[in-house]
Amino acid sequence: MNAFLLLVRRDLALGYRAGGALLPIAFFLLVATLFPFAIGPDAKLLARTGGGVLWVAALLAALLPVDRLIAPDRDAGVLDQIATRGISDEIVALARIVAHWLSFGPPLMIAAIPAAALLRLEGATLARLEAGLAIGTPGLAALGLMVSALTAGLRGAGALAGLLMLPLAVPVLIFGAGSLTDESGSGLKLLAAASLLLVAIAPFAAAAAIRAGRE
Amino acid sequence: MTGAALAFDSVACLRGGRLLFEGLNFGLGPGDAALVIGPNGVGKSSLLRLAAGLLAPAAGTIRREGRLSLADENSALDRHVTLARAIGFWVGLDGGEVCDVARGLAAMDLLHLSEVPVRMLSTGQRKRATLARVIAGNAPLWLLDEPANGLDTASLERLEAAMVAHRQSGGIVLAASHQPLGLIGAQTLALTAA
């Protein structure tokens with residue numbers, strides 16, 4: 001467990017150094033600022049579509065650091081060194097998911113407050129957006145890491161990562177955006193299910209990809 | 001460091017559909033050393049990766065007792081942090097203390113660079129830092145891939161002294177090198193093109 005915390009701490013420090021919290025927040029707020037320019041100042045239309053736009057922005061923000069979650073450490077021999085210490089690749093992948101989530105999930109939830117003001121979202125919608133982000137971003141982090149491990153070492157990994165990740169994120173997006181107008185809470189439950197599934201399979205899929213890359 | 005052991009039993013190595021070597025047998029106990037020699041591309045690094053458990057043998061079994069420490073061409077030290085912190089991360093994972101970091105740095109004469117970021121180190125200094133990481137790791141089994149590459153004469157002597165001390169305390173050294181490395185009484189594993 002101590003080793004797990006050491007891994008998370010290192011990955012988090014690396015994440016923050018490479019732009020970590022600031023980059024997703026800036027990206028997220030930029031989208032929230034640009035969208036009213038594109039749509040026009042119609043407050044009703046903005047309020048109706050704004051939540052969905054913020055979900056798309058959150059998805060793309062999770063994609064931003066995907067090319068540096070695995071590949072640099074793989075090339076620098078860090079993953080090999082961890083493996084020779086008897087720490088399984090699944091633990092490494094899980095630690096990276098936690099660190100990746102910490103570097104963009106909570107910052108996005110904070111950035112969602114000013115973004116909601118820019119898009120004229122109501123208080124109730126913002127509350128549902130925050131709940132959805134809290135539930136959905138771990139799934140996006142897991143998906144990002146899985147795709148990062150799968151594309152590590154390939155040429156044009158960044159573009160390929162986007163092509164791989166975006167379709168797989170569709171369930172999170174549908175249930176996340178759907179929960180914004182859903183009073184019953186069933187949207188959030190389905191979002192939790194989609195997110196949980198991604199978090200559950202990602203460490204194993206990513207570890208298998210890391211092992212395959214070692215051959 | 002008692003009870004450390006490394007044994008290959010008729011091990012074969014297959015990389016990319018090409019057979020690098022087969023029927024490799026050797027055993028190392030506390031205080032033993034082996035030097036892997038052979039031309040480029042014959043599978044020296046693959047042998048070390050097999051010993052480290054990073055590759056699976058195509059045939060045969062590998063028995064390993066005790067922790068291991070691998071030094072290959074990758075230093076695996078974070079470039080933007082100081083040398084002491086970069087080595088300290090690995091020592092922390094190994095369950096070591098701060099004094100282990102200082103001991104490793106001192107053994108490779110790097111103490112004066114301990115507060116310098118890793119990215120500022122020269123190639124030779126980075127190689128020494130890789131070896132300092134191994135020394136600081138306190139593992140009984142050392143796997144060294146071309147440890148003498150890029151080292152000056154003084155550093156090479158320090159490496160040899162570190163290996164002698166390591167073997168005297170019951171450690172094992174398996175090194176792949178084109179140089180003798182001062183490994184007195186070491187087995188020689190000569191790989192030839194299959």
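A word on the source before we start. The model is predicted.

Let's take the interface. On one side, 13 residues of chain A; on the other, 14 residues of chain B that they are in contact with. Which elements of chain A give two or more residues to that side? Helix H1, residues 2–17, and helix H5, residues 78–84. H5(A) gives the most, with five residues. As for the make-up of the chain A side, five residues are nonpolar, three are polar and five are charged. One general remark: interface size is often quoted as the accessible area lost when the parts come together. What I have given you here is residues in contact, 13 from chain A and 14 from chain B.

Now the backbone of chain B. Most residues other than glycine have a negative phi. Two residues to look at here.

Start with B:Asp109. Where does B:Asp109 lie? In the loop between helix H3, 98–107, and helix H4, 123–136, of chain B. Buried or partly exposed? B:Asp109 counts as partly exposed, because it has 14 C-beta neighbours inside 10 Å.

Next, B:Leu181. Again not a glycine, and phi is positive, at about 65 degrees. B:Leu181 is in a loop too, between strand S7, 172–176, and strand S8, 187–190, of chain B. Why does B:Leu181 count as buried? Because it has 20 C-beta neighbours inside 10 Å, and 20 or more is the cut-off for buried.

Terms used
Residues numbered from 1 in each chain as written. Chains lettered and ligands numbered in written order. Predicted model: local features only at pLDDT ≥ 70, side-chain atom pairs only at ≥ 80, totals over all residues. Contact = placed C-beta atoms within 7 Å. Helix = DSSP H or I, 4+ residues; strand = E, 2+ residues; numbered from the N terminus. Nonpolar A, V, L, I, M, F, W, Y, C, P; charged D, E, K, R; others polar. Buried ≥ 20, exposed ≤ 12 C-beta atoms within 10 Å, placed from the backbone.
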